[in-house]
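Work through the exercises below with the model open. Each one has a task and a stepwise solution.

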Amino acid sequence: MKLFGGIEAGGTKFVCMIGQDPAHVLAEERFATTTPEETLGRVVAFFAPYAKSSSLAALGIASFGPLDLNRNSPTYGYITTTPKPGWSQVDLYGEIQRRLNIPVAFDTDVNAAAFGEQYWIPENRTLDPFLYVTVGTGIGVGVIVNGAPLHGLVHAEAGHFALPHDWQRDPFPGVCPYHGDCLEGLASGFSMSQRWGQGPESLPHSHPAWDLETDYLAFALVNLIYAYSPQRIILGGGVSQHPALLNDTRCKVRQFMNGYVQSPMLMDGIDKYIISPALGNRSGGLGAIAMAMEVERQT
């Protein structure tokens, strides 16, 4: 029986999974992201018994970034300019592949989440382009085009879109170390905590934070619709779980587009166009397993 592994490598925690599909996850472990040496040691220890027994056919890595995804690059598989202390220029792909000696697929965490939502959910399989937007500690966007994650110069970095910033209404300068008030700098969970002095999970719906947050997210989704013309957008991540956020964001997307894109999906069908992830908080890990199945099929 072939088994497949998935790693969701986050800046806060790693999630390691062994399974065959969403209904058959046989083992799972979560642990804090500490130093590369300690964290990768725990990853290898989790997967090594399965690799040594030859039951583990392949492994997928869904990682925080930025990443080098250019296979012709000498630093392919590296985490590159991350602000995560100690993790810049870490050879994540190479280290795991060498120590486990099995086929390994490698992509961004949000590309993997997008791939998983399309791969495992039948109604999503024919929708292309297909986008996954995660709003958590940071903000990322995964793009699926022609059935595969979109790569190019690097990978999609739409989490750093420039947005309209009304400085009188929102004098907060933003938290992005590179851009200040980009999308992630203004609308990530970390930015909300810094702006309001408490995490988004503790802010009531009546708090002005949510009107501002849904404005920024709606502006970002409008830009994504204009840029990629996706057939569906998944809105995931911890911040997106606030009860009214999804519907409020949908309403503002229609408002900000002002009828420019004429599609029934943006009018009466928007509740099926911008949706929550069907795989819940497992999209990244299950997407990594799907990536592993694909790389094993191609090997």
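The model is predicted.

**Exercise 1.** Which residue forms a salt bridge with Asp91, and how far apart are the closest N and O atoms?

*Solution.* Step 1: Asp91 forms a salt bridge with Arg98, and the closest N and O atoms are 3.2 Å apart. Step 2: check burial. Buried means under 20% relative accessible area, so Asp91, at 17%, counts as buried. Arg98 is exposed at 52%.

**Exercise 2.** Find where Arg98 and Glu95 lie, and classify Glu95 by accessibility.

*Solution.* Step 1: both residues lie in helix 2 (residues 92-100), 3 residues apart, about one turn of the helix. Step 3: Glu95 has a relative accessible area of 29%, so Glu95 is partly exposed.

**Exercise 3.** Which helices does the salt bridge between Asp215 and Lys252 tie together?

*Solution.* Step 1: the closest N and O atoms of Asp215 and Lys252 are 2.8 Å apart. Step 2: Asp215 lies in helix 6 (residues 208-228) and Lys252 in helix 7 (residues 245-257), so the pair links parts 37 residues apart in sequence. Step 3: Asp215 is buried at 12%, and Lys252 is buried at 11%.

**Exercise 4.** In what order do the 5 strands of the open sheet stand, and which stand at the edges?

*Solution.* Step 1: the order is 10-9-8-11-12, with mixed pairing. Step 2: strand 10 (148-149) and strand 12 (274-275) each have a single partner strand, so these two stand at the edges. Step 3: strand 8 (residues 130-135) and strand 11 (residues 232-236) pair in the parallel sense over 5 bridges. Tyr132 stands opposite Ile234 in strand 11.

Note on methods
Residues are numbered from 1 along each chain as its sequence is written. This is a predicted model: local features need pLDDT of at least 70, side-chain atom pairs count only at pLDDT 80 or more; totals for chains, interfaces and linings use all residues. Side-chain values use heavy atoms; hydrogens and water are left out. Two strands pair if DSSP finds at least two bridges between them. Helices (H or I, at least four residues) and strands (E, at least two) are DSSP runs, numbered from the N terminus. A salt bridge is a side-chain nitrogen of Lys or Arg within 4 Å of a carboxyl oxygen of Asp or Glu. Buried means under 20% relative accessible area, exposed over 50%, partly exposed in between (1.4 Å probe, protein chains only).
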